[in-house]
Amino acid sequence: MGAATLAATSVLALTSSSGASPKAHASLSPIKIGISLSLSGDFSADGLAYEQGYKLWAKDVNAAGGLLGHPVQLDIKSDASSPVQVVTNYKTLISVDHVNLTFGPFSTLLTLPATEAVQRYGYAMVEGAGGGPSVFQAKLPNVFDVTLPVAYDLAPFAKWVTSLPTASRPKSIYYVTSDDPFTQPVVDTAKSLIGSKIKQVGYTTFPAEATDWHSIADQVAQAKPDAVVLGSVDVPTVSAFMQAFEQAHYTPKVFIATAGPDQGKAFTSAVGAKNADGIMVPNSWYGQSSNPLSQKMVAEYIKQYGGTAAGVNADIAEAYSVGETMAAAVKATGGFSNAKIISYLHSGVTIPTVQGGVKFNSVGENLAQTAYTFQWQKGGTTFVQVNPVSDKNSVAVELPKNAWGK
Amino acid sequence: MVHALIDGVLTGSVYALMATGLTLIFGVMDIINVAQGIFVILGAYLSYTLQVHFGIDLFAGLLITIPIMFVVGIVIERIFLSRLKGPEKTAMSILVTYAISLVIEGLLNEIFTVNNVQLNASYVNKSFPLFGIYFPYIYLFGFVLAVVLLGSLYYMLYRTRFGASIRASLADQAAAALVGIDVKKVSTICFGIGIAVTAAGGMIFGATNAFNASTSYDLISRLLTIIVLGGMGSLAGALVAGILMVTLEDLVGVLWSPIWSTMSFFIVLVIVLSFRPQGLFGKQSARVA
């Protein structure tokens, strides 16, 4: 049994992590921020990107003197992407670890139970990845999502694609989505916005726990739609559809996925840069954003982790924005009272972050941001904003998408 | 429908190959190896390393990765699993192999990061037309590989002296020892074989799916389901259940809706277990069929 004990000890060492260490604030006690993240399981790629974003923010805030002079200490626990474990983690963080503040986990699926758990203790849940409607429909007073609600994500895309001249507008469209609470509302909103302006040739929902997408993708390919709207939560789903499409000798003229292509290098390294060319994705931030706060963060990120601005995962900015929002609330309220922080964040104030302005409505939605659509272009080497078309930073959409690998 | 049927058989055979190691290990050792999923991913990462850093073709690389995974299996069995004894051996094996799985997952995340990768080769995204439908070469190659490896396993079990030792150890360990069979050695080699086949399964899986270390969680739940339906310890059961699972899911997805595809398999599982608790091919006294 010594071996089992050794293994279990290793497991504990691998599945828990402490946060960024404070620089030098010997006089004041540290402020502990409790976070549950998916460091393993289905959302691990996003969870670890969030961890980087939170740690980058903690490092910056500590370098600037901490929160009201207190060094920030992150207390991060892994929830293995489980909606059950995430609740246990926040209960432990609050009642055992006695954290002062809480930041959100990754995904709508985990944010809702997590927010309900911390609400019982009166804690504010500032988060960046719980943008699905189910989080806001619960009308919880303590949730604050710093990212644009996902339901609106595809609105600029819908507006653009339906406004194309008849000759270049897709004649047919296929909606295919995971039944995840993040993806389905996004796809359904796009479907209602596009309506009958483009002929719908299919709508398929597949289970979020699916691991074999080949036959589903084949169904889409056989319908040969001009445009495909894919409700995906991660890179493997998008990658599987792309591979199946190529194997079926089918290339949609327009292909947009709700998540996956926004993960920078993590996406292009999995699917190949040439295949990524022409793929679109909605988001409210990208690495080459002209927002000065964003540029500063991106420069720090590249200094610490390497890479390029185009390759920075949008999760980093979401997590960083969570920290910025909480820091603004702490500064404005002059302390760490969660009741005062909740009240302040509901006051209608606009907080500048790397993602742009953050302003919450009564259910914690941030409606101050704009939805954008991005596209991989130039052989999958650049990731650019393509709409809203009226935005000065948008470039022309690459249409139609090049054949796979070209 | 024909397309879904053929897809199901081709893909299901690869799942059967991955599940074979799991069922062999349980059949001979009474060990439920919940680390089988991470071993599949480890096998995929080995193929990835050979391909990206040494330019070795995915199939040729199996000549290297299968022996490596065999040795990994032997080492893990010797260090961790051979110490498990007594009536709680099977239950404890779940805990120990889960711990092994988490440690390997952590190491893979450190080495390869959590970014998803996918194996690539000139034939991975290519397909051939048949009756107006395109079939990917990689699924066909995976099917052939699975048939060859499963056939080899069958040959070893039923046509070799070592296979007879395995079956004797399974039937009665004490009696096997009395007739001169080194039961400990047989168990160790069986575990090595069970892990070695994950190299092949992992390669095919990695060529058809983007993966990272956490993908193992999805895999192990499917592999366990396959061997429960097929019968714990039955190679034939793993083969039939693997193909049945994917084919049924594909057919339900095409004829009805993908949303019910996973559920349909579990309905079949519940029905089968209601009438045959030991699974389709499981036996009470001798588990390798």
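The contact takes 39 residues from chain B and 40 residues from chain A, where touching means C-beta atoms, placed from the backbone, within 7 Å. This is a predicted model, with local features needing pLDDT of at least 70, side-chain atom pairs counting only at pLDDT 80 or more, and totals for chains, interfaces and linings using all residues. Residues are numbered from 1 along each chain as its sequence is written, and chains are lettered from A and ligands numbered from 1 in the order in which they are written.

Q: Why is α1(B) called roughly perpendicular to α9(B)?
A: Their axes come within 9 Å and cross at roughly 75°. Angles of 65 to 115 degrees count as roughly perpendicular, so α1(B) gets that label against α9(B). The axes are lines fitted to C-alpha atoms over the stretch in contact, with angles running from 0 to 180 degrees between N-to-C directions.

Q: Which residues of α1(B) make that contact with α9(B)?
A: Y15(B), M18(B), A19(B), L22(B) and T23(B) do, meeting R222(B), L223(B), I226(B), I227(B) and G230(B) of α9(B).

Q: What are the buried residues of α6 of chain A?
A: A155(A), P156(A), F157(A), A158(A) and V161(A). Buried means 20 or more other C-beta atoms lie within 10 Å of a residue's own. These residues pack against elements of chain A including α7 and β9.

Note on methods: Helices (H or I, at least four residues) and strands (E, at least two) are DSSP runs, numbered from the N terminus. Angles under 35 degrees count as roughly parallel, over 145 as roughly antiparallel, 65 to 115 as roughly perpendicular and the rest as oblique. Two residues are in contact if their C-beta atoms, placed from the backbone, lie within 7 Å. A residue is buried if 20 or more other C-beta atoms lie within 10 Å of its own, exposed if 12 or fewer, and partly exposed in between; C-beta atoms are placed from the backbone.
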